[in-house]
Amino acid sequence: MCYCASRLINGRLDFTAMVTLLMNSGQARRSNVCHKHVVMHRDLKPENFLFANKKETAALKAIDFGLSVFFKPSNYLEIDFDYCFSSKFFSLGMTSAAVLTGAIFLLAQYSSNLVCEEEDEYNNGADVAVHVGSLYILYFCFGKWVVDPSLPYYETCPFIDPEFDCIKYGRPDSHYLSYSWQPDSCSNVPRFDGMEFVKRYSDKKIMFVGDSLSLNMWESLACMIHASLPSSTKTTFQRVHDSLGYVTFEDYGVTIYMYRTPYLVDIVKEPVGRVLRLDAIESGDAWKDMDLLIFNSWHWWVHTGASQGWDYMRDGDNLYKDMDRLTAFYKGLSTWGKWVETNVDPSKTKVFFQGISPTHYAGKEWNSPKKTCSGEMDPLSGSTYPTGLPPATSVVNKVLSSMTKPVYLLDITLLSQLRKDAHPSTYSGDGKGTDCSHWCVPGLPDTWNQLMYAALVM
């Protein structure tokens, strides 16, 4: 089956598909079949219906029965949490928004706690614990790139690694520095304010945890703050070892760490060689007691041959020479999710997942089969990417949506897919050919940080 087949474009359903999903009798018939077998789905929404194939006459299939239950006809279904009046209307509103806009809103605070702490005024109570703060984030992932004369935030910075320093290593064009992301539904995304950021996180600790895409975002944030503060600000920048570095803005007591661990889960030495432990995170002690955590992984999961970071995978007692990489990623990310559930106190620590950063090695993805990112000078126009979202995004969504503690998904995938022009390509001090995986700094990672900043302050 396919996710609404060709009718799904970058997370958006065209209106015909939406009407088919929500208005024709197919959905009702499938619900009725379930009810005849005394099964209640309990999670009916547009993205839980799939077409069997790409034909216009394709059968409609219901999926995702993870919340379904058996029920006894004529009896009320008892549930183990209290839905309030506002929660019901929140659900109705999000489904209506999907129908009207064709968007599946994935950028959100994932939590199972969308329930009443106290009943609202319609139920003789007061406030409800609906996480409305995340609604501003919901719409950030859909939009378009527009020219912004006020950019870039900076051009030089003492924290940029050679592999990202496109300006230093001779990139001749600068137009890629002048684009700002304009979300469809919000024309007033707050501009990044480094002084406001350090005041907000005064005497606090921030940590990026992940691979070289985390490094990209870490260096960008440090540079954006550095450019916003007075030149007299005392700053400490240190690489402790290959896995750990930090920048401290000492006048404000703000420290931003980078902990490099490409898979999030552990790699250990065993007699057979380097083993990727899909079920273990021993290095997580270094991540504790942070005030803001930004995690990322995926880039290294697809590496093979000499660039592969392990020799075997282990899941419990089972040792594998290899396995489907999406399956492995799901297992590893699920282990990370359990770590967050066990070790993070949401009252102290806010957790973001950075999302899947795309590559641009294959020009056929944007209908230019003979090209890579090399020589590209402009973003793709519009707000869709021809080949849709990478499959790893579904793994991230599945894991985050199953967690009970709040994790914010900074859904950078689509907006980054449109930026085929923003890679170092051959203008990198790394000297290893054409780089269409990472991003120039300054450049696209500044937008990632602006959106994270917006999520924190709005």
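**Close-up views of a predicted model**

View 1. Tyr176 is found in the loop that runs between strand S8 (143-147) and strand S9 (179-183), where strands (E, at least two residues) and helices (H or I, at least four) are DSSP runs numbered from the N terminus. This is a predicted model in which local features need pLDDT of at least 70 and side-chain atom pairs count only at pLDDT 80 or more, while totals for chains, interfaces and linings use all residues. Residues are numbered from 1 along each chain as its sequence is written, and side-chain values use heavy atoms, with hydrogens and water left out. With a relative accessibility of 2%, Tyr176 counts as buried, a word that stands for under 20% relative accessible area, as against exposed at over 50% and partly exposed in between (1.4 Å probe, protein chains only). Leaving aside residues up to four places away in sequence, Tyr176 touches Cys166, Ile167, Arg171, Arg419, Asp421, Cys440 and Pro442, a contact being heavy atoms within 4.5 Å.

**View 2. The disulfide of Cys166 and Cys440.** Three disulfides are found in a search of the whole structure, each a pair of cysteine sulfur atoms within 2.5 Å. One of them joins Cys166 to Cys440, with an S to S distance of 2.0 Å, and the torsion about this S-S bond is about -90 degrees, so the disulfide is left-handed. The pair links distant parts of the chain, 274 residues apart, since Cys166 is in the loop between S8 and S9 and Cys440 in the loop between helix H9 (413-417) and helix H10 (444-457). Cys166 is buried at a relative accessible area of 1%, and Cys440 is buried at 0%.

View 3. The ring centres of Trp145 and Trp181 are 5.2 Å apart and the planes stand at 65 degrees, so the pair is edge-to-face; rings of Phe, Tyr and Trp (its six-membered ring) pair if their centres lie within 6.5 Å, with planes under 30 degrees apart counted as stacked, over 60 as edge-to-face and the rest as tilted. Both residues are buried, Trp145 with a relative accessible area of 11% and Trp181 at 4%. The charged end of Arg419 sits over the ring of Trp145, 4.6 Å from its centre, the criterion being NZ of Lys or CZ of Arg within 6 Å of the ring centre and within 35 degrees of the ring normal.

**View 4. Met452 in the largest nonpolar core.** The largest nonpolar core has 57 residues, and Met452 is among those with the most contacts inside it; such a core is a set of buried Ala, Val, Leu, Ile, Met, Phe, Trp, Tyr and Cys residues joined through side-chain atoms within 4.5 Å. Helix H6 (residues 212-228) gives the most to this core, with nine residues. Beyond residues up to four places away in sequence, Met452 touches Phe208, Met217, Leu221, Ile294, Phe352 and Leu410.

View 5. Over residues 1-27 the pLDDT stays under 50, and over residues 104-139 it is below 50. Where pLDDT is low, the predicted coordinates should not be read in detail.

Conventions:
pLDDT = per-residue confidence, 0-100.
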